[in-house]
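Subject: Structure for your files

Hello,

Please find the structure below, with the sequence. My notes on it follow.

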Amino acid sequence: MTDESYIRLAAEIAKKGMGNVSPNPLVGCVIIKNDRIIGAGYHEQFGGPHAEINAINSAAESVEGSTLYINLEPCSHFGKTPPCVDRIIESRIKRVVIGTMDMNPLVSGVGIKKLKSAGIDVKVGVLEKECIELNKFFFKYITRKIPYVSLKAASTLDGKLADVNGNSKWISSTASRRYVHYLRSKYDAVLIGTGTALKDNPSLTVRLTEGRNPKRIIIDSGLRLNFSKGLLAENPDKKLYIVTSRANAGKRKIKILEKKGINLIFVKEDADRRLNLKNILKELAKIQVASVLVEGGGEIFTSFVKSSLFDDIILFLSPKILGNGIPFINDTGISSIKRAYKLKLREAEKIGDDLLIELIK
């Protein structure tokens, strides 16, 4: 097998940590000796041993003189665990092949330099593009201090999220809805606006597939939600957060919400009395949210697009035509096709009766 094959295997192993390691990165490791895999591991849990340590500990024989393959540069600093670089050096591993350098300023390039200084043969940049894509959530979070943002919507062919009465059940197919639950399990948080919470009363949990429940974020600047219904009444895991303005949150309301185990995030309003989206993302990063799946509604989608604060769009396009209804994106202020937002098609596939389209900026 080639270096590319082993890095691809390490990246696949790394995916086993999805939903469990954030805000840390997904990392997988394979150890090869005499053309045989003698050890493998991945970062399994936030705060737990890193992939390199698990791989070395799993080895069926001595790793001295072996080659270690890993999709991300080994850490060289003390965090929740000791530096992995030190363990690699102590284990007398002969060669290290790395998919991509770590973009974390505390680590970037330092681990590689330390390995080389110890006389270890180091190769960097194998399947680099794929390895960066694997940890796109982590890289944005660690470099820009805000989470990766995906806008997820189900729309008719003519771009409607719901009919004129706000009814949206069900635009998409059962297969698409099951896939949305899978997506939720991979993101740290899902986010909706007050309108969607009031109209749809969504659970925003993972039920149609296996996986962890994400944090649930509701933007409610005026605290209009009914404290005894829907999402606010059911919060057993204490993962519900309401983003609001302190000016609108009286002491009585705060006490009621806190008693229900609901977390409050206070963000200042802009001049138009809307909560500042970038400040919201900064606050979410402070509670270790590295990725956000925005599930609506139209006003929230439009705000993220106008502010250019999204990274990609995940659109389930249903083979239905509605005519009148609530649009996926409202008025953006653009009146000319020449000034239209231009996106790139990353992927398209058929799911159930729908077409899943993934677009990036």
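Before the rest, the conventions. This is a predicted model, in which local features need pLDDT of at least 70 and side-chain atom pairs count only at pLDDT 80 or more, while totals for chains, interfaces and linings use all residues. Residues are numbered from 1 along each chain as its sequence is written, and side-chain values use heavy atoms, with hydrogens and water left out.

Cysteines

A disulfide is taken as a pair of cysteine sulfur atoms within 2.5 Å. By this rule the count is 0. For Cys 75, the closest cysteine sulfur is also in Cys 84, at 3.6 Å, and that is still too far for a bond. Cys 29 is buried, at a relative accessible area of 0%, and Cys 75 is buried at 8%. (Buried means under 20% relative accessible area, exposed over 50%, and partly exposed in between, with a 1.4 Å probe and protein chains only.)

Nonpolar core

A nonpolar core is a set of buried Ala, Val, Leu, Ile, Met, Phe, Trp, Tyr and Cys residues joined through side-chain atoms within 4.5 Å. The largest one has 33 residues. Those with the most contacts inside this core are Leu 151, Leu 191, Leu 284, Val 294 and Phe 304. Contact means heavy atoms within 4.5 Å. With neighbours within four places in sequence left aside, the contacts of Leu 191 include Ile 217, Ile 219, Leu 284, Val 294, Ile 300 and Phe 304.

Helices (H or I, at least four residues) and strands (E, at least two) are DSSP runs, numbered from the N terminus. Helix 12 spans residues 298-307, and its buried residues include Ile 300 and Phe 304. After helix 12 comes Ser 308, with a positive phi near 55 degrees.

Helix 6, residues 136-144, is mostly covered, with 7 of its 9 residues buried. Among them are Phe 137, Phe 138, Phe 139 and Tyr 141, along with Lys 136 and Lys 140. Lys 145 follows helix 6 and has a positive phi, near 60 degrees.

Leu 26

Leu 26 sits in the loop between helix 1 (3-14) and strand 1 (28-33). Its relative accessibility is 10%, so Leu 26 counts as buried. Beyond residues up to four places away in sequence, Leu 26 touches Ala 14, Gly 17, Met 18, Val 21, Asn 71, Leu 134 and Asn 135.

Regards
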